[in-house]
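Q: I have a sequence and a 3D structure to read. Where do I begin?

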Amino acid sequence: MTASIQIGDVKSSPGHSVHGSFKVAERAASSIELPISIIQGKSEGPTLVIVAGEHGCEYSGIVAAVKLAHELNASEMMGTVIILPLANPVAFDTRSLFVNPIDQVNPYGAYPGDPGATVTFQIAHKILNEVALKGDAVVHLHGADYNEALVPFNYVPITGNGLVDSRSSQLASCFPVSYHLNALPAAKSNSVPPVGTTYAVTADGTLYWEVATRGIPATMLEAGKEGKADKETVSIHYDGLINVMKHLGILAGTPRYHRSVKTLKNPVLVANRRAGLFIPKTEYGDVVKRGQALGEIWNFRGEVIETIKSPIDGMVVCRINFAAADSYPTQTQPYLFYITEVE
Ligand SMILES: [Zn+2]
């Protein structure tokens, strides 16, 4: 007899899909509930956990996760898939960039969470402990907020546990992307936050890192841009998830691995110092040289008051698109260019 899985009030049963909501926090007069689907195969097998929508305007992963939850046929599966397609519903409702607008905390770095802290940490604690740690593998879906555009890639946590790390790398190879970024904690990373900020591209505080360091292989996909759920990036998420399920043996069929990838390393976030209009001179995907002008800040007379230069030889992986540039980092614009070395 295959055991059922219960998350909040939602309980799976072998051979069926169940769709419901999972209460993760209470507000004064309402509660925050996450949509959840549990699709349990008739026979025993591994459990895959999929979490999307941590950033409420990164729609490609959300749409792919919802489509998968709708289309999966439990009677054709071995094992279980748990899907949280929207981990930050208040940001989705309010079209808020990067943060949960209730406490202005970015959930991306809020793990392992804290039941005694503000709401984003409470939600992170619930997602980690009551959902993600039930998985034999975890896939975390992101994809550029609506002021960002990026080159699709997977983060691969490098924990130092060789078996877990190689399994995480295999999960990443299930996604049709050309780049993997080896994600390290701050203590082992050369990544430097932009001057004046503490915002770094390290693995600390992420869901994939918290599960991987507990022995569960994980990867995080970044695919999407500018508040769109375009067919191409939804397919990167969806096709990758189907491949992951074949790789784990949850679905029948041979997975198609994407192993001819380049490795991204030493990510650097580059920010401006002056306020004004941000005029980019480089696109995401551009290969750049150290010292090359990436973009300019103009004043409102059209004069260049700052030229933003690349600190390394590398590639522009991600770029901010808003033309408004503050002189100080904000939650929604802590950087303008995300550049990495390419191995
Ligand atoms: Zn994101």
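A: Begin with a term. A salt bridge is a side-chain nitrogen of Lys or Arg within 4 Å of a carboxyl oxygen of Asp or Glu. The side chains of Lys126 and Glu130 form one, with N and O 3.5 Å apart. The model here is a predicted one: local features need pLDDT of at least 70 and side-chain atom pairs count only at pLDDT 80 or more, while totals for chains, interfaces and linings use all residues. Residues are numbered from 1 along each chain as its sequence is written, and side-chain values use heavy atoms, with hydrogens and water left out.

Q: In which helix do Lys126 and Glu130 lie?
A: Helices (H or I, at least four residues) and strands (E, at least two) are DSSP runs, numbered from the N terminus. Both residues lie in helix α3, residues 119-131. They are four residues apart, about one turn of the helix.

Q: How many salt bridges does the whole structure have?
A: The search finds nine. One of them joins Lys228 and Glu226, whose closest N and O atoms are 3.1 Å apart. Lys228 is partly exposed, at 42%. Glu226 is partly exposed, at 29%.

Q: Which parts does the salt bridge of Lys265 and Glu343 tie together?
A: Start with the distance: N to O is 3.2 Å. Lys265 lies in strand β12 (262-270), and Glu343 lies in the segment after β19 (337-342), so the pair ties together parts 78 residues apart in sequence. Lys265 is partly exposed, at 32%. Glu343 is exposed, at 58%.

Q: How is the protein chain divided into domains?
A: Domain bounds come from an automatic or database domain assignment. Here domain 1 covers 6-260 and domain 2 covers 266-342. Their centres, taken over C-alpha atoms, are 28 Å apart.

Q: How many residues of each domain are in contact?
A: Contact means heavy atoms within 4.5 Å. By that rule, 28 residues of domain 1 are in contact with 24 residues of domain 2.

Q: What area is buried between the domains?
A: The size of an interface is often given as the accessible area lost when the parts come together. Buried area uses a 1.4 Å probe and is summed over both parts. Between domain 1 and domain 2 it is about 2200 Å². Carbon and sulfur atoms give 63% of that.

Q: Which elements of domain 1 touch domain 2?
A: Those giving two or more residues are β8 (148-150), β9 (153-157) and β10 (179-183). The largest share, three residues, comes from β8.

Q: How many polar contacts and salt bridges cross the interface?
A: A polar contact is a pair of N or O atoms within 3.5 Å; within protein, one must be able to donate a hydrogen and the other to accept it, and residues adjacent in sequence count only if both atoms are side-chain atoms. The rule finds seven residue pairs in polar contact, both at pLDDT 80 or more. For salt bridges across the interface, the rule finds zero.

Q: Is Arg319 buried or exposed?
A: At 8% relative accessibility, Arg319 counts as buried. Arg319 is found in strand β17, residues 314-320. The side chain of Arg319 makes a polar contact with the side chain of Glu283, at 3.2 Å. A polar atom of the Arg319 side chain also lies 2.8 Å from the backbone oxygen of Thr282.

Technical notes:
Buried area is the accessible area (1.4 Å probe) that two parts lose on being put together, summed over both. Buried means under 20% relative accessible area, exposed over 50%, partly exposed in between (1.4 Å probe, protein chains only).
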